[in-house]
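These notebook entries record what I looked up in the structure shown below. I set out to examine charged side chains that pair with one another, and then one backbone angle.

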Amino acid sequence: MGKRRRDPVASNADRSTDLYEIANWEVRSRLDRFAHWLYYAGLSTLRVLVVLVAVGILVLQIAFGSLGALGVQPLFAGLAALSAVPALLLAAYIWYADVTTTEPLTLLVGTFLLGVLFAGFAGLLNVALGGPVQAIGSGFGLFEPAGMVFFFFLVVGPVEESVKLLAVRLYAFRDDRFDAVIDGAVYGAAAGLGFATIENALYIVQNTEVVTGTLAAIDAGSDIAAVRALAGPGHVIYSAFAGYYLGLAKFNPDDAGPIVLKGLLIATVIHATYNTLAGPVTFLVSNLYGVSQLVAFFGFVLVYDAIFGLLLLRKLDAYRKAYKEAHATPEPTYESQQTEFDP
């Protein structure tokens with residue numbers, strides 16, 4: 001898009017002409033100040049309410065849901081923490097790849113925590129929308145898995161990537177220290193890490209809470225923790241892609257909407273394709289090559305994440321090269337050297 005459009009009066013009038021509430025507007029009267037205050041107070045209140053609702057969902061999950069087991073059984077909390085290590089290492093590398101100013105710890109931790117909190121929204125929406133969407137998908141298809149494909153592409157992917165992007169948009173994006181496009185990928189990775197951490201904890205607890213005995217719990221919990229450790233880096237990759245485009249949108253406000261949507265579409269398709277292929281490919285490889293399901297799953301995740309992880313790093317590398325070129329000191333020419341040293 002071109003320059004911001006102006007009213008023809010404002011475009012052609014003398015600059016000294018007062019066009020307040022004719023073609024321009026600024027805060028002048030008491031009503032102006034009240035309207036200005038009310039609008040931004042409403043936005044701030046809405047942001048606070050979103051966070052409070054997310055905190056409430058998390059508290060309910062701890063008090064009455066599966067997450068309460070983390071406090072009762074330290075083993076589960078330890079396994080959840082270990083399962084997040086691969087995702088943490090990937091997020092740390094994306095942070096390291098940021099060639100601009102180092103991102104402040106307060107923004108990184110805040111975005112991580114919002115990623116943890118907003119996972120509750122995704123859980124509720126996945127449950128609320130999952131049944132109807134799967135039924136519609138199965139109705140269009142001749143086989144039951146069609147419903148799951150619809151579920152992954154129309155619910156899980158869009159919902160989970162949107163709430164992770166919301167974690168970035170609500171806090172770090174609004175800070176002046178979010179001052180480069182690549183910062184979006186860094187904070188997107190932090191949100192993905194938070195989301196993966198709480199999701200891993202839920203999976204571990206839900207798949208081991210029926211197991212009795214410490215040794216049996218360790219065995220079952222270790223298996224699911226290993227699976228979640230493999231799945232965790234994917235969340236970092238998906239949300240880093242979406243976050244990068246959010247950063248691009250911040251510095252291209254005229255096209256911000258389409259840019260953000262493009263990032264969400266990319267993240268959603270990568271995420272939903274992973275969910276769709278993980279089961280069938282793992283089953284196929286396991287049966288064709290006679291390996292365990294865990295080994296087959298490990299191979300699939302390694303290849304899938306490597307492909308899209310490299311594409312992400314390639315995008316970050318392109319930004320890094322452009323940044324270095326833009327900040328490179330030009331070599332002095334022969335003429336400039338002569339001018340500098342001639343008396």
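Entry 1: the salt bridges. I searched the whole structure, which is a predicted model, and the search returned six salt bridges. I then looked up several of them individually.

Entry 2: Arg28 and Asp18. I noted that these two side chains meet in a salt bridge, with an N to O distance of 2.9 Å. Where do Arg28 and Asp18 lie? Arg28 and Asp18 are both in the loop between α1 and α2, so the pair ties together parts that are ten residues apart in sequence. I also checked how accessible each residue is. Arg28 has a relative accessible area of 36% and is partly exposed. Asp18 is partly exposed as well, with a relative accessible area of 47%.

Entry 3: Asp317 and its partners. I recorded a salt bridge between the side chains of Asp317 and Arg320, at 2.6 Å from N to O. Both residues belong to helix α11, which covers residues 293-326. Asp317 and Arg320 are three residues apart there, so about one helical turn separates them. For the record, a residue counts as buried under 20% relative accessible area. I then found that Asp317 also forms a salt bridge with Lys321, in which the closest N and O atoms are 3.4 Å apart. Asp317 and Lys321 lie four residues apart in helix α11, about one turn of the helix.

Entry 4: the backbone at Glu21. I turned next to the phi angle of this residue. Glu21 is not a glycine, yet its phi is positive, at about 60°. I noted this value because most residues other than glycine have a negative phi. Where is the place of Glu21? I located Glu21 in the loop between α1 (8-12) and α2 (30-64).

Conventions: Residues numbered from 1 in each chain as written. Predicted model: local features only at pLDDT ≥ 70, side-chain atom pairs only at ≥ 80, totals over all residues. Heavy atoms only, no water. Helix = DSSP H or I, 4+ residues; strand = E, 2+ residues; numbered from the N terminus. Salt bridge = Lys/Arg side-chain N within 4 Å of Asp/Glu carboxyl O. Buried < 20%, exposed > 50% of the residue type's maximum accessible area, 1.4 Å probe, protein only.
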